[in-house]
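Dear colleague,

Please find below the structure that I am handing over to you. My notes on how its chains meet follow directly after it.

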There are 4 protein chains.
Amino acid sequence: MINVTIWNEFVHERRDEDVKAVYPDGIHKQLERALTPEGFAIRTCTLEEDDHGLTREVLDSTDVMIWWGHMAHELVDDSIAEAVAQRVREGMGLIVLHSGHFSKPFKKLMGTGCDLKWREAGEQEILWAVNPSHPIAEGIGENIILEHEEMYGEFFDIPTPDEIIFISNFSGGEVFRSGCTFSRGSGKIFYFRPGHETYPTYYNQDVIRVIANSVRWAHPAATAKPVYGNTQPIRSLNTRELV
Amino acid sequence: MINVTIWNEFVHERRDEDVKAVYPDGIHKQLERALTPEGFAIRTCTLEEDDHGLTREVLDSTDVMIWWGHMAHELVDDSIAEAVAQRVREGMGLIVLHSGHFSKPFKKLMGTGCDLKWREAGEQEILWAVNPSHPIAEGIGENIILEHEEMYGEFFDIPTPDEIIFISNFSGGEVFRSGCTFSRGSGKIFYFRPGHETYPTYYNQDVIRVIANSVRWAHPAATAKPVYGNTQPIRSLNTRELV
Amino acid sequence: MINVTIWNEFVHERRDEDVKAVYPDGIHKQLERALTPEGFAIRTCTLEEDDHGLTREVLDSTDVMIWWGHMAHELVDDSIAEAVAQRVREGMGLIVLHSGHFSKPFKKLMGTGCDLKWREAGEQEILWAVNPSHPIAEGIGENIILEHEEMYGEFFDIPTPDEIIFISNFSGGEVFRSGCTFSRGSGKIFYFRPGHETYPTYYNQDVIRVIANSVRWAHPAATAKPVYGNTQPIRSLNTRELV
Amino acid sequence: MINVTIWNEFVHERRDEDVKAVYPDGIHKQLERALTPEGFAIRTCTLEEDDHGLTREVLDSTDVMIWWGHMAHELVDDSIAEAVAQRVREGMGLIVLHSGHFSKPFKKLMGTGCDLKWREAGEQEILWAVNPSHPIAEGIGENIILEHEEMYGEFFDIPTPDEIIFISNFSGGEVFRSGCTFSRGSGKIFYFRPGHETYPTYYNQDVIRVIANSVRWAHPAATAKPVYGNTQPIRSLNTRELV
């Protein structure tokens, strides 16, 4: 059983009628509903809760965290953002959605500005699968067509991804590396572009399938915890003479 | 259930007494024995069989192939080697062990010479796990120590691996990228260095664990088969005028 | 001074009036003309010459080869294709243009099928620079807009590129990894998508600039020639006892 | 002319007699001396200067910065460390040496803990060149042998490097990814392991050659400055209807 924590800023959905119309209970609740059939143990939490819902206990018992945020990135406490990033380095998976590209945990883990081009014009996005050997693309056709989405365009200021799973074409002419994986320490990260708050993107079955796949992929591997610091040699050091 | 086919050249074990002493039934049979508890459906086949045991039917029903060869690479039929490589491109996983670096299927898939340095001196190899987020390293400590192995040294003439999982230190001073992943089309490849025929390397529990992990990792993802060739546009082409 | 050999199939330009109208002397001659101001020492050769113009002497004195082919890939002699690939492994740079994705040397070096989607509809291609630290993108703006090009679409069946420099958006909805680098042995390879024979793509200053940049980037590094085979230890092997 | 700024903490060399014996004027002055024949325009600065010598003017006029620090990382002002990291994202090259792995600018750019194993036992390090097509390896043989160095061992907690140029073998049994490249925004980073303060490593001609090569490699490319934010479409958006 994979323990998933869905974190949502949950501000747009309460302030803006057009967002509320799409996600009346919040994006986190729609994600929870859509992912429940996958058999994950799911918790949700939001910005306004104490510690944003991200207590030590919650972090320590989370295998994979899903993060959606947009207008309130700066209201996330620095020490909590750092705790999230540190849990990733220690093995927790992290799925960063859409405008989460500018979230504090993601920026801390990337080391770059994470900026991009954008346009709210409801244009068509076509995400092409460019890595047919990757489990994150399971069950998806050769592309996912979203009739209306916010455009994100390159240059996307991220480090070279470990893997690129999807690349988007937007009607207006831009492209975007829309599905990217990264590893940081013992943790795996997947950035997935779609999900503007005014469109019903998280009701799309292919989008949900990708997120579900990525949760399974990002589940921590049962690997050894790295050991650091002063260490004894395994082998005698009297080996410097050339033979 | 993962269908695994273990292919072994099976020449050393019948000619050389010292090899027969270590692997009396052949390397393939020891691998089969060691991997059976993993729950795979395992078949073995060898060079001397008709079509080297690699008929169309066997290839088509194999999810992951394990390959060990050394002195008889040139006796593998070109068309069969190409059929194996083609099945990898179509999704079959391939685990290439030790001297299989010079096998025809591996060379075809790499596009490089696949040469390396070597020395048969029974020296100590220490494989260090350098990718703690990767499932191939599950259940292994921070290193695997093999008291006696053949040395393989850099430069190892392979393309840049997608991922490096293990790097070896040899007593004599060399290093080697000992666990490397590659993708080719819809298929995943793992090259794993240890396994000289005169040492009991495939009785080592950590070595077997890595091979078992890699079989699960290389199992074909249920992704869409790529479509090639002349294609219709998804979107109207009357879009060339600048807006 | 970089010694550049431009190889062109030179078939379309003699058979098809519409191609001849664009490249009356052949694509190779237009590339030569456009690249001459860069200060390279340029030779051109074509399929119909003895050994396709690719004698041992030509190969050995070439630093970087540019390759354009399309309808006559199969007429390239296997041993010459292998000689080209082998020279790349030994350090010669290789710039593969457009339909050269299906050329024998490129396929040998990739190890994959190199297939893709295509459409001849004269649609708009926008190539986006996605690697602003890379010398191949020098002097180019954030994109290159080609009003009419053949479409190439994903999945492009290549191994994971070492670096992706450009990604294309096509009007019809596709994307393509249009500028990709690979290393093979001591050699560097750059695949660059644009250049259908019926469009004046190689008169575009940005396209030429990218090719010129890639020639300089692919120029062989003055590195040590790898040493392979049986080798002596650098350090005493009496090191197996644990300390 | 490449403008190089060598930054050195310059604490060990004034406190410890054994370090002073090796680098009487400081590591920065030895690096300056050794790199001067390369034709770079070199400046040096140290921790104790105002703003650690890293004023806005110095940063803006630096093409490539070389960084050595060890015991006083925490004394580097946060805002100056961030200014260095930001200049890298904007294009400045950064060469991080040895114990600089724990420096503030490097950690900010990596997003990871950057920890590792270490041992001060004066053991032999052999750095193997594993990327024979890379300009950073120019003029170096297949390895560099340092008779006495501090050991650094894996797991080295960095993101997957863009390229691995050198891997080290240590007598005691460890390995280390000793020469790694990264890109961040428009800037290029090279981490190079050797250089413990008690050994004459920066008098070694091969080590200096690698650093000089990396300075040339990291010199900012003359690429377009990325544009971010709200943007107009290049192409008409009336394209959503399927054709």
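**Strand pairing across the D–A contact**

Strand β10 of chain A (residues 229-230) pairs with β5(D) in the parallel sense, over two bridges. Within this pairing, A:Asn230 stands opposite D:Trp118, a residue of β5(D). Please note that the model is a predicted one.

**How chains D and A are related**

Chain D is superposed on chain A by a rotation of 180° with 0.0 Å of shift along the axis, and the RMSD is 0.0 Å. That is the relation of a two-fold axis. In chain D, D:Gly111 has the C-alpha nearest this axis, at 2.5 Å from it. Both copies are served by the same surface, since 100% of the contact residues of chain D recur in chain A.

**What the D–A contact consists of**

Chain D gives 47 residues to the contact, and chain A gives 47 residues. About 3,700 Å² of area is buried between chain D and chain A, with carbon and sulfur atoms giving 52% of that area.

Which elements of chain D supply at least two residues each to the side that touches chain A? They are α6 (104-110), β5 (117-129), β6 (143-153), β8 (175-184) and β10 (229-230). The largest share of that side, seven residues, comes from β5(D). β5(D) is also the strand that pairs with β10 of chain A. By residue type, the side of chain D that touches chain A divides into 16 nonpolar, 18 polar and 13 charged residues.

**How chains C and D are related**

Chain C, for its part, is superposed on chain D by a rotation of 180° with 0.0 Å of shift along the axis, at an RMSD of 0.0 Å. The C-alpha of chain C nearest that axis belongs to C:Asp162, and its distance from the axis is 4.0 Å. Of the interface residues of chain C, 100% are also interface residues in chain D, so the copies meet through the same surface.

With kind regards

Notes: Residues numbered from 1 in each chain as written. Chains lettered and ligands numbered in written order. Predicted model: local features only at pLDDT ≥ 70, side-chain atom pairs only at ≥ 80, totals over all residues. Heavy atoms only, no water. Least-squares fit on C-alpha atoms with pLDDT ≥ 70 in both. Contact = heavy atoms within 4.5 Å. Buried area = accessible area lost by both parts, 1.4 Å probe. Helix = DSSP H or I, 4+ residues; strand = E, 2+ residues; numbered from the N terminus. Nonpolar A, V, L, I, M, F, W, Y, C, P; charged D, E, K, R; others polar. Pairing = 2+ DSSP bridges.
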